[in-house]
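This report describes a single protein structure, shown below. Please read it with the sequence and coordinates at hand.

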Amino acid sequence: MGIRGSVFAFYSLQAERKIAMRLVTFKGGVHPPDGKHWAKDVPIKPVLPKGDLAFLLSQHIGAPAKPLVAAGDRVLKGQKIAEAGGFVSSPVFSSVSGTVKGIEKRFNAIGTRGDAIIVENDGQYEEVDYPEVRPIDEMTKEEIIKTIADAGVVGMGGAGFPTHVKLSPKEPDKIEYIIANCAECEPYITTDYRRMLENPEKLIAGLKVVLKLFDNAKGILAVENNKRDCIEKLEELTRNMQRIEVVALKTKYPQGAERSLIYATTGRTINSTMLPADAGCIVDNVETLIAIDNAVNNGRPVTERSMTVTGRAIKNPGNFLVPIGMNQSELIEICGGFKEEPEKIISGGPMMGFALFTTDIPTTKTSSCLLCRVHDIISERPASACINCGRCVDVCPSFLVPSYLADFAEHRQAGEFEKWHGLECVECGCCSYTCPAKRPLKQDIASYKKDVMAMIRERKAKEAKQADEAAAKKEGGADK
């Protein structure tokens, strides 16, 4: 190499170490193969549906939306076809023009069936006349939040929590950080990466809208350091913005999980009894912030979202701008179909996604990826007995003992499950990934966690009823 080459290598290494020292992260986590090479270099391509569209009324956490149309009605693209069913709910808009065929049951990504408005696409894509957009500086905070709610914006990273609720904390003056979740730590998914490269201005504009709501907050664009090109682009665009900073994260899963991200960027911690707002933080992902920009600055409701279709089984993996309601089987056709028959198809990523038994499901606001794998590596290696190696403990970002929790779940020991903090599990799957015995730790814990939470709700309701009865009895005795 020579002296000159050695000196260059030395200083390059020092520079890399300096960058690494600045990276922020959290305790635990894993480094699964990211699989992003399949689609990361493919620009987002708009696609149009061929068949009927199915608009599920439950595309979000909270009450289902209530239909505003009936069979035979003609609808336009951008028309509200279902209104929010309550404060914690979100409206649904048609992504095409056509005729309503009725309300039918359709499968969703988790394998359950829900009501959906079926629209026969006429292929014309006639749009409604959108309301005139007012400059954001002329809008009150309440008007901004109402605009976001009326546009049907929800958490589009997967959770589906109505965004207007998240932006309405009890004490807005105590919000100090608005964190843009740009980590995209889930393997294979590349839509946020493409959005940051292709639409960085819209991402920043959405973040600025949220900052408008919180006078004391600072904006953080949190990006994993395997996306150096995105970091450089965002740094360039925000160089003169006093309230926005780009923070490089160490590439590690689940860096994008809400608790992990908050700790990595602010050093603050939250648990299952808290909201991010309790730690002075609000977290929104890339697609959500772009939807906020579309709603407030362009007057457009949520009618589409970006998705990755990828995996070894797909002939031509890519990223697509997909109309809400479009059947996901059509996306596979657009990619040229399968080059090899997949053993497993997953909605979402391999760590937190849901295995599908059919691709005959509609795209929703929370659809991020369709992953088609040639080999089902989970079934290739059946689970065996725990060897007490402790690897699941080392990687757990919530400081839990997953092997114990899975045992408590198997034996239905609710008391022990609570005692060992099973409700703090974020269901990231790091324990299952690292387990040499291939135990389905995450699946067992997550399933029983739902049962325990139901038991706790029932217990609290019973205690509240007993307290009311005791108070009524005491009051009755005092009257006598």
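The sections below treat domains, nonpolar cores, loops and salt bridges in turn.

## Model and domains

The structure is a predicted model. The protein is divided into two parts: domain 1 comprises 20–42 + 135–298, and domain 2 comprises 381–480. Their C-alpha centres are 29 Å apart. To the contact between them, domain 1 contributes 14 residues and domain 2 contributes 13 residues.

## Nonpolar cores

The largest nonpolar core has 44 residues, of which I178, L203, F214 and L221 touch the most other members. At least two residues of this core come from each of the helices α2 (141–150), α4 (191–198), α5 (200–213), α6 (228–237) and α8 (286–298), and likewise from each of the strands β9 (177–181), β10 (218–224) and β11 (244–249). Setting aside residues up to four places away in sequence, L203 is in contact with C182, M196, L221, L234, V286, L289 and I290. Another core, of 18 residues, lies apart from it and includes L405, A409, C431 and V452.

Helix α4 is mostly covered, with seven of its eight residues buried. These are T191, D192, Y193, R194, R195, M196 and L197.

## Loops and backbone features

The loop between β9 and α4 contains T190 and Y188. T190 is buried, its relative accessible area being 1%. Beyond residues up to four places away in sequence, T190 touches K36, A39, K40, E184, T308 and N319. Y188 has a positive phi, near 75°, although the residue is not glycine. Because its relative accessibility is 13%, under the 20% limit, Y188 counts as buried.

K438 also has a positive phi in a residue other than glycine, here near 60°. K438 is placed in the loop between α14 (430–434) and α15 (441–479), and is partly exposed at a relative accessible area of 30%. A cis peptide bond, with omega of about 0°, joins Y253 and P254; P254 lies in the loop between β11 and α7 (258–266).

## Nonpolar surface patch

I61, F87 and V88 make a nonpolar surface patch of about 260 Å². V88 belongs to the loop between β5 (80–83) and β6 (92–93) and is partly exposed, with a relative accessible area of 31%.

## Salt bridges

The whole structure holds 25 salt bridges. One of them pairs D284 with K166, with 3.7 Å between the closest N and O atoms. D284 is in strand β12 (residues 281–285) and K166 in helix α3 (residues 163–166), so this pair ties together parts that are 118 residues apart in sequence. D284 counts as buried at 2% relative accessibility, whereas K166 is partly exposed at 23%.

R459 and E418 form a salt bridge in which the closest N and O atoms are 3.4 Å apart. R459 lies in helix α15 and E418 in helix α13 (residues 414–419), so the pair ties together parts 41 residues apart in sequence. R459 is partly exposed, with a relative accessible area of 38%, and E418 is partly exposed with 29%.

K449 and E427 meet through their side chains in a salt bridge, at 3.4 Å from N to O. K449 is in helix α15 and E427 in the loop between α13 and α14, 22 residues apart. K449 counts as buried at 11% relative accessibility.

Conventions. Residues are numbered from 1 along each chain as its sequence is written. This is a predicted model: local features need pLDDT of at least 70, side-chain atom pairs count only at pLDDT 80 or more; totals for chains, interfaces and linings use all residues. Side-chain values use heavy atoms; hydrogens and water are left out. A nonpolar core is a set of buried Ala, Val, Leu, Ile, Met, Phe, Trp, Tyr and Cys residues joined through side-chain atoms within 4.5 Å. Buried means under 20% relative accessible area, exposed over 50%, partly exposed in between (1.4 Å probe, protein chains only). Helices (H or I, at least four residues) and strands (E, at least two) are DSSP runs, numbered from the N terminus. Contact means heavy atoms within 4.5 Å. Patches are made of residues with over 30% relative accessible area and no salt bridge: like charges are joined within 9 Å, nonpolar side chains (Val, Leu, Ile, Met, Phe, Trp, Tyr) within 5 Å. Accessible areas come from the Shrake-Rupley method with a 1.4 Å probe; for residues, only the protein chains shown count as cover. A salt bridge is a side-chain nitrogen of Lys or Arg within 4 Å of a carboxyl oxygen of Asp or Glu. Domain bounds come from an automatic or database domain assignment.
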